[in-house]
Amino acid sequence: MYDLVIKGGTVVTSTDSVKTDLAVKNGRISAIGDDLTSESVIDAREKLIMPGCIDSHTHMSLPVGINCSSDDFYTGTVAAACGGITSIIDFSVGDPARSIPEDIRLRMKEARDSVIDYSFHGEVLGWKLGHEEEFREAVEMGITSFKFYTSYAASGRRSDSGILYNAFKEIARLGAVAIVHAEDENLIESILSGMSEQDLGRMENLAVSRPDLCEGSAIDQVAFYAEQTGARLHIVHVSSALGVDRIGFAAERGVLVSGETCPQYLLLTRDVYKGSQGHFFSASPALRESVDQDVLWDALKYGLIGFVVTDHCPFTKQQKEWKGSFLNLPYGLPGVETMLSLLYSEGVEKGRLSINDLVRISSEHCARTFGLYPQKGSISIGADADLVIFDPKVKWVIRAGDLHMNTDFSPYEGREINGKVEHTLSRGEVIVKNGSFCGNAGRGHFIARKI
Ligand code: MN
Ligand code: MN
């Protein structure tokens with residue numbers, strides 16, 4: 001006897017769409033086929049059944065200067081579940097006074113209240129040569145990817161060439177993944193040095209101060225170290241056509257490189273900075289232009305950019321209050337609750353992606369990249385029953401006030417959307433029912449990832 005049967009929906013994978021039943025037992029998918037029965041049934045006729053989304057780029061409870069991102073691991077994962085996300089990979093918070101494994105142990109305590117399954121990337125901050133065993137120990141804890149920044153020297157996050165090259169060597173030896181925020185900060189500094197107080201007081205100059213040139217330059221640098229060391233490299237939040245071009249250049253010569261982008265780079269342009277609310281859109285990389293959006297959609301369709309994540313790092317309007325310069329803002333946007341609906345509505349409905357592409361870019365490819373597949377990111381017998389039941393016919397309008405994310409701002413306020421999450425299942429448990437969260441704090445598990 002099955003614990004639960006989802007009847008009559010269209011089961012969507014990265015390769016197929018099949019109208020059939022799906023059964024769950026002991027938290028896993030146990031059968032897919034017609035005429036399955038159980039005492040507990042969800043009617044999914046006219047609905048899509050997809051693997052829950054995997055968001056490998058979130059920042060819950062992240063200290064940023066004097067601020068902290070406004071979602072903690074409870075509120076942020078409730079919102080994520082309501083948006084159809086069933087696993088997140090957040091980041092440990094590095095500190096030069098601690099080792100990477102110590103950072104991870106601390107972060108595990110902060111994530112205890114998560115309502116969906118979670119893992120972390122190990123942030124590399126203040127790491128020193130000769131401490132290679134920190135990477136090995138982290139891998140043994142199930143942390144198989146490590147985050148580097150080529151910018152943010154002011155907060156101690158920037159890694160320069162010696163650190164990048166030597167850490168990549170160890171990451172290559174372990175078979176782990178180096179993930180990089182790629183913006184060339186020397187170029188940013190040189191542009192900023194030519195800006196007056198008045199220039200800094202114009203929000204739209206955020207995009208001028210960190211142009212696509214910076215992204216391209218930093219990707220070239222880290223791709224070269226990946227090429228020399230053999231490390232697997234993943235570029236986060238690729239924002240520009242030039243960034244896509246440089247990833248392509250590296251991939252063509254055999255560098256093991258992948259990339260992700262985010263809804264904000266697919267759907268927003270730098271024009272939003274000119275409005276009276278422009279400062280609420282502060283983020284880095286900065287928003288680009290419509291030509292960049294076109295290239296990013298194409299790169300997703302054809303696989304040069306593997307998947308979409310949120311870079312969820314919400315702040316309230318009060319936290320983003322304008323203080324006279326775009327340099328005095330916390331950078332980051334909310335996104336976990338709206339990603340899937342936006343990708344369906346703007347991607348599938350508008351013909352930029354097939355429904356099978358959507359599964360690939362919101363779940364499967366991410367799971368493969370970060371060592372979660374096929375336990376996650378897959379509708380197959382034995383996989384975790386992490387599923388989203390999605391109603392493609394519901395029309396709704398995004399309003400920050402209607403969402404669960406702990407912020408009063410949405411970058412997509414007023415946008416009309418087709419398609420909404422009806423139910424979300426995590427390891428077979430219905431945690432979102434008819435759009436309402438019904439799970440418990442702390443039910444999420446830490447996922448030890450594999451190489
Ligand atoms: Mn970043
Ligand atoms: Mn980020």
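Predicted model: local features only at pLDDT ≥ 70, side-chain atom pairs only at ≥ 80, totals over all residues.
Residues are numbered from 1 along each chain as its sequence is written, while chains are lettered from A and ligands numbered from 1 in the order in which they are written. Local features need pLDDT of at least 70, side-chain atom pairs count only at pLDDT 80 or more, totals for chains, interfaces and linings use all residues, and side-chain values use heavy atoms, with hydrogens and water left out.

H181 belongs to strand β12 (residues 177-181), whereas H237 lies in the loop between β13 (232-235) and α9 (241-252), so that the pair links distant parts of the chain, 56 residues apart. Helices (H or I, at least four residues) and strands (E, at least two) are DSSP runs numbered from the N terminus. H181 is buried at a relative accessible area of 2%, and H237 is also buried, at 2%. Here buried means under 20% relative accessible area, exposed over 50%, and partly exposed in between, with a 1.4 Å probe and protein chains only.

In helix α12 (residues 339-348), 10 of 10 residues are buried, among them M339, L342 and E346.

Charged side chains are the next topic. Side chains of opposite charge can pair when their charged atoms come close. The whole structure contains 34 salt bridges, each being a side-chain nitrogen of Lys or Arg within 4 Å of a carboxyl oxygen of Asp or Glu. In one of them, E289 meets R270 at 3.2 Å, N to O. Both E289 and R270 lie in the loop between α10 (263-267) and α11 (290-302), 19 residues apart. E289 is partly exposed at 41%, and R270 is partly exposed at 28%. Another salt bridge joins E429 and R443 at 2.8 Å, N to O. E429 is in strand β18 (residues 429-433) and R443 in the segment after β19 (436-437), so the bridge ties together parts 14 residues apart in sequence. Within this pair, E429 is partly exposed at 32%, while R443 is buried at 11%. Elsewhere, salt bridges with shared partners connect D117, K376, D384, D386 and R427 in one network.

A pocket is an open set of points on a 1 Å grid over the protein atoms alone, where a 1.4 Å probe fits, with protein on both sides within 12 Å along at least five of seven lines; lining residues have an atom within 4 Å of a point. The largest pocket holds about 910 Å³ of space. Of its 37 lining residues, V64, Y152, S155, L329 and Y331 are the closest to its centre. Helix α5 supplies the largest share of this lining, four residues. The second largest pocket has a volume of about 180 Å³, and its lining includes C82, W396 and K420. Two strands, β16 (387-397) and β17 (416-426), each give two or more residues to that lining. A volume is the space filled by probe spheres set on the grid points, which are joined across faces, edges and corners.
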